[in-house]
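Dear colleague,

Please find the structure below, handed over for your records.

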Amino acid sequence: MSHQATGGQIMSDAIRRSEQAVVFYEGLKEFVRGWAAIEAIDNMVCYEKQCLAALTAQTILPDWPSDQKRQMTTVECCV
């Protein structure tokens, strides 16, 4: 019998993985050289933060309209 994850477990795992990705990319910046590489990593961090904000909003505010969630989850670094 296989284990079936619930929607809540999947969302929790997605949030955890997104948080880990931010930590990973932030740490990776210490090992790269050049402005272009750092900028690329900063863009990846920003993307992950947007994903994290969206996942969190979906978990906390599942019944809110999508446009309101989008406004609440806009990440400053990516604007």
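Which side chains meet in a salt bridge at 2.7 Å, N to O? They are those of D13 and R17; a salt bridge here is a side-chain nitrogen of Lys or Arg within 4 Å of a carboxyl oxygen of Asp or Glu. By this rule there are four salt bridges.

The model is a predicted one, in which local features need pLDDT of at least 70 and side-chain atom pairs pLDDT 80 or more, while totals for chains, interfaces and linings use all residues. Residues are numbered from 1 along each chain as its sequence is written, and side-chain values use heavy atoms, leaving out hydrogens and water.

D13 and R17 lie four residues apart in helix α1, about one turn of the helix (helices are DSSP runs of H or I, at least four residues, numbered from the N terminus). D13 also forms a salt bridge with R16, their closest N and O atoms being 2.3 Å apart. R17 is exposed at 51% relative accessibility, whereas D13 is partly exposed at 25% (buried is under 20% relative accessible area, exposed over 50%, partly exposed in between, with a 1.4 Å probe and protein chains only).

A further salt bridge joins K29 and D42 (2.8 Å, N to O). This pair links distant parts of the chain, with K29 in the loop between α1 and α2 and D42 in helix α2, 13 residues apart.

E48, in helix α2 (residues 35-60), is buried yet has no salt bridge.

Yours sincerely

Key:
Helix = DSSP H or I, 4+ residues; strand = E, 2+ residues; numbered from the N terminus. Lys, Arg positive; Asp, Glu negative; His and termini not counted.
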